[in-house]
Amino acid sequence: MIINMAEGASEQQIEHVIESVKLAGYQPHVIRGTERTIVAAVGSGGNRVQLEALQVAPGVEDVIAIAQPFKLVSRQVRRENTVVDVGGVPIGGDDVVVIAGPCSVESRDQLLTTAHAVKAAGARMLRGGAYKPRTSPYDFQGLGQEALHLLSEARAETGLPVVTEVMSTEDVDIIAEHADLLQVGARNMQNFALLRRLARVNRPILLKRGPSATVKEWLLAAEYLLAGGNSNVVLCERGIKTFETETRNTLDLAAIALAKELSHLPVIADPSHGTGRRSLIPAVSKAAIAVGADGLIVEVHPCPERALSDGPQSLDFESFAAMMRGLSSPVRVVSLPMAKHMGSPGG
Ligand code: PEP
Ligand code: MN
């Protein structure tokens with residue numbers, strides 16, 4: 001349930017509602033908007049009638065049920081967009097933010113040259129995998145802690161905040177020491193033990209959509225993070241499994257628009273994993289921005305043909321810079337009938 005406080009409700013009135021929600025057996029989450037405050041009552045097994053009675057409590061405008069199974073991530077509890085601050089870079093604000101870097105951190109030279117190149121091209125954040133979720137156990141698994149130190153060094157040199165994947169609860173503390181944004185990979189979207197642990201970490205989370213997850217399941221995974229206390233969550237659409245085999249995954253553009261509609265959380269797109277083909281990345285990136293993505297995460301490598309992971313979908317420095325130059329150019333003009341033919345009856 002959502003308890004909408006009236007505009008100008010006093011702190012004392014808000015406090016009374018919070019206490020009453022607890023007494024009714026629910027957890028109160030207070031969302032302070034620019035105009036009004038909302039108290040979301042979440043949980044199960046509480047006394048619903050007691051919550052409904054808050055309708056007549058002083059300072060309360062109305063009490064309404066949250067229609068969706070996800071509660072705290074729902075736009076119903078927060079109409080304004082959430083802006084997540086990642087080491088000083090806002091995601092979800094006015095500007096589209098581009099995150100770029102190699103799939104995997106492979107060496108000092110590879111990471112630092114990439115960091116400088118993507119920064120020069122306009123990226124605001126650096127990505128690089130230290131712990132890699134590989135389909136085969138015989139493939140390169142990442143440099144682990146060594147990569148984390150290199151990511152810290154790259155941030156110190158370039159000022160770019162860094163994002164890297166956390167695969168296991170064991171690694172959360174060490175990764176949180178080095179990274180500004182902790183990525184939950186697609187394969188781990190429903191690793192509930194990991195989500196619960198990350199809900200208690202003092203770092204924003206990038207939550208990728210699972211390759212076979214519905215939008216509802218994705219938002220419910222985000223709900224674990226918010227319900228556990230971490231409201232700094234960025235959603236990432238990275239493509240889903242379909243019958244198509246020409247692309248690695250199918251980037252679900254409608255899901256980006258839908259997630260923005262259903263949730264106040266920022267949503268970014270990963271056109272690299274979403275297509276698996278470097279030739280498609282500029283066009284698909286533009287499409288993602290057109291449907292409302294707040295950012296992009298793109299794989300870039302100094303020499304994609306020698307990459308230890310995801311070479312075929314990685315851009316080299318030159319093609320990344322070219323893509324960045326093209327991102328802000330307008331999409332094609334839609335032909336419309338001239339004004340004189342429109343509107344006036346008989347005109
Ligand atoms: C990655 O970002 O390199 C990655 C493995 O992503 P995903 O979890 O989307 O496959
Ligand atoms: Mn990758």
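Tutor: Happy to! Let's begin with S14, which is covered on both faces: Gly295, Ile297 and Glu299 are buried on one side, and Leu296 and Val298 are buried on the other. Here buried means under 20% relative accessible area, exposed means over 50%, and partly exposed lies in between, using a 1.4 Å probe and protein chains only. The strand spans residues 295–299, and five of its five residues are buried. Strands (E, at least two residues) and helices (H or I, at least four) are DSSP runs, numbered from the N terminus.

A word on the ground rules: this is a predicted model, in which local features need pLDDT of at least 70 and side-chain atom pairs count only at pLDDT 80 or more, while totals for chains, interfaces and linings use all residues. Residues are numbered from 1 along each chain as its sequence is written, chains are lettered from A and ligands numbered from 1 in the order in which they are written, and side-chain values use heavy atoms, with hydrogens and water left out.

Now for the neighbours of S14. Strand S7 (residues 97–101) pairs with S14 in the parallel sense over five bridges, and Val98 has Leu296 as its bridge partner there. Two strands pair if DSSP finds at least two bridges between them.

Glu299 leads us on to the metal. The manganese ion (ligand 2) is coordinated by Glu299 (OE) together with Cys103 (SG), His273 (NE2) and Asp310 (OD), at 2.0 to 2.4 Å. Donors are N, O and S atoms within 2.8 Å of the metal (3.2 Å for Na, K and Ca), and since water is not among the atoms, sites may look incomplete. Along the chain, the donors follow the spacing C-x169-H-x25-E-x10-D. Cys103, in the loop between S7 and helix H3 (108–121), and Asp310, in the loop between S14 and helix H11 (317–327), are 207 residues apart, so this pair links distant parts of the chain. Cys103 counts as buried because its relative accessibility is 4%, and Asp310 is buried too, with a relative accessible area of 16%.

Another polar contact joins the side chains of His273 and Asp270, at 2.7 Å. A polar contact is a pair of N or O atoms within 3.5 Å; within protein, one must be able to donate a hydrogen and the other to accept it, and residues adjacent in sequence count only if both atoms are side-chain atoms.

For the other ligand, a short note: an oxygen atom of ligand 1 is 2.7 Å from an N or O atom in the side chain of Arg238, and another such distance, to the side chain of Lys208, is 2.9 Å.
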